[in-house]
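Hi,

Here is the structure I promised to pass on.

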Amino acid sequence: MHQAGDLPVEEFRRAGRRAVDWIASYLSHPEDYPVLAQVAPNELRAALPKSAPEAGEPIETVLDDFEKIVVPGITHWNHPGFFAYFSITGSAPGILGELLSAALNVNGMLWQTSPAATELEEVAVDWLRQLLGLPAGFEGVIMDTASVSSLCAIAAARHALSDLEIRERGMAGRTDVPLLRLYTSEQAHSSIEKAAIVLGLGKAGVQKIPTDDEFRMDVSELARAIAEDRAAGHRPFCVVPTVGTTSTTSIDPVRAIAEVCESEDLWLHVDAAYAGSAAIIPEYRHVLDGCESATSIVVNPHKWLFTPIDCSVLYTTQPDTLTGAFSLVPEYLRTAVDGQIRNYMDWGVSLGRRFRALKLWMVLRSFGSQGIAERLREHIRLAQLFAHWVDEHPDFERLAPTPLSVVCFRARPAGLAAAGGSGTDDANAALNRFNETLLRRLNATGEVYLSHTDLRGVYTLRLAIGNLRTTEEHVARAWELIQREGRRLERDEGSS
Ligand SMILES: *Cc1c(COP(=O)(O)O)cnc(C)c1O
């Protein structure tokens, strides 16, 4: 009965039908599950044997256990009540792209190791470039995440300091390398600082620029910090503004920042992981204003472009600097066509590359630019509607502008806000605790999942809309639950 080789193809066909049927039912009723997994730590581990089976098991049994043991421990990012972090969608065309890409199992390290993988990547990222309204000089590459895209961009920015010869000589032990400085706002994503750590620039290499009252980078503070660093003998090399910050989706003034970069000769890397996609909506193209002057920019189709995770696109107008930083070709990776084609292994850290372009291409074709714009527009409309409900309610307040599809707010029941005198530290601490408990209770309902952030000491609830299955009904239900749990919590606290 046991034979060498893969699962017999007929068994695959049967199990494959079952898996696709399961996916189809799942996508039609993700709300049958609690959105946030209601499991305790180690529950799944306890349900499975300590070691792998010695004898192979029927795939049907394995699929049974997927449903019985794995799914209950899943937090459902495809649930219409998922409003946490940045809400995303594994869309049907994207899922099919993943399925086919797994079947082909190509490693797109070289053009020759799968010409279609490389060329479809060139096509898909160029289509997306056009949809974003970026000029033709931008060349794109697909990475796994924005964290890695930004890491590679910052490595390229450092490589552009050619006189330092860091690729050849490294940085450690050298007295002739000044402190290299990168500027980003205090609202920037942690991946920027992490990249600096990985690249040996250290946290000391990152200067966090203050933001204005709408959480956007203060450009005069940026100019001042650069001047101070130059006076101190440091070496500014890169500025990383954010289009759509993680906490509030604020949009840094990229055009003004670009002027600073131009006059100071600095690499301008724009982190537009979430909000870049909004530029596909013609009337929102302005979110990328000034980005035509960037040296590099990252946009994540796996954030707000319905492509299953992972898929991040890094664009740069200096592909030669990027490949100059990363290309290292041993004899066994040389091919006869090098020089005529693009070998994407030269564009980043990893040699092996998944065929991610397939799903992106399938998403772009299946929805079309108009279809994408309509869907994004609807998400923005829903967020604006929710923001309006918050603004109208006496016991709630909005804590940041809502330029796109994320709303920052908190409960502010009159009784609590007055405790210790409105606006005092005591009152704020009480409100922070209240909202933290409110969030925990909301997420325990299993109907919605929201997350939080800190805005200048204020515990802030975030409602992010970005899933294709989220409708006005789901947003209204979330608002109902938020008010209900708020009232219950107020009552419970009042009686204690
Ligand atoms: C989500 C996000 C990131 C990190 O994205 P990954 O792809 O998970 O690494 C970075 N920057 C911004 C602005 C983001 O919204």
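Let's begin with a term: a contact means heavy atoms within 4.5 Å. With that in hand, take the contacts in the chain with a separation of 6 or more: residues 24 or more positions apart account for 73% of them.

Before going on, some ground rules. This is a predicted model, where local features need pLDDT of at least 70 and side-chain atom pairs count only at pLDDT 80 or more, while totals for chains, interfaces and linings use all residues. Residues are numbered from 1 along each chain as its sequence is written, and side-chain values use heavy atoms, with hydrogens and water left out.

**The whole chain**

The secondary structure comes to 16 helices and 11 strands (DSSP runs numbered from the N terminus, with H or I and at least four residues for helices, and E and at least two for strands). The chain's radius of gyration is 25 Å, close to the 23 Å that the globule rule gives for 496 residues, so the chain is as compact as a globular protein of that length. (That radius is taken over C-alpha atoms, and the rule is 2.2 Å times the number of residues to the power 0.38.) Along its principal axes, the C-alpha trace spans about 75 × 75 × 45 Å.

How much of the chain is buried? Buried residues make up 50% of the 496. Here buried means under 20% relative accessible area, exposed means over 50%, and partly exposed is in between, with a 1.4 Å probe and protein chains only. The chain exposes about 23,000 Å², and carbon and sulfur atoms supply 52% of that (areas by the Shrake-Rupley method with a 1.4 Å probe; for residues, only the protein chains shown count as cover).

As for charges, there are 47 positive and 65 negative ones, and their mean positions are 2 Å apart. Lys and Arg count as positive and Asp and Glu as negative, with His and the chain ends not counted. Each charge is placed at NZ of Lys, CZ of Arg, CG of Asp or CD of Glu.

**Cysteines**

A disulfide is a covalent bond between the sulfur atoms of two cysteines.

Most residues other than glycine have a negative phi, and most peptide bonds are trans. Where does this model depart from that?

- The peptide bond from Ile309 to Asp310 is cis, with omega near 15°. Asp310 is in the loop between helix H11 (301-304) and strand S7 (312-316).
- Asn42 is not a glycine, yet its phi is positive, about 75°. Look for Asn42 in the loop between helix H1 (9-28) and helix H2 (43-47), where Asn42 is exposed at 51% relative accessible area.
- Thr249 also has a positive phi, near 60°, without being a glycine. Thr249 sits in the loop between strand S4 (235-240) and helix H10 (254-264) and is buried, at 0% relative accessibility.

Start with Ala383, in helix H13 (residues 357-392). Ala383 is buried, with 0% relative accessibility. Ala383 and Ala464 are 81 residues apart in sequence, but their C-alpha atoms are 7.6 Å apart in space. Not counting residues up to four places away in sequence, Ala383 touches several others, including Leu404, Val406 and Ile465.

Next comes Thr460, in strand S11 (residues 458-464), which is buried at 0% relative accessibility. From Thr460 to Arg398 is 62 residues in sequence and 9.1 Å in space, C-alpha to C-alpha. Leaving aside neighbours within four places in sequence, the contacts of Thr460 include Leu399, Cys408, Phe409 and His452.

Is Tyr26 buried or exposed? Tyr26 is buried, with a relative accessible area of 12%. Tyr26 and His79 are 53 residues apart in sequence and 9.5 Å apart in space, C-alpha to C-alpha. Beyond residues up to four places away in sequence, Tyr26 touches Tyr33, His76 and Asn78.

Cheers
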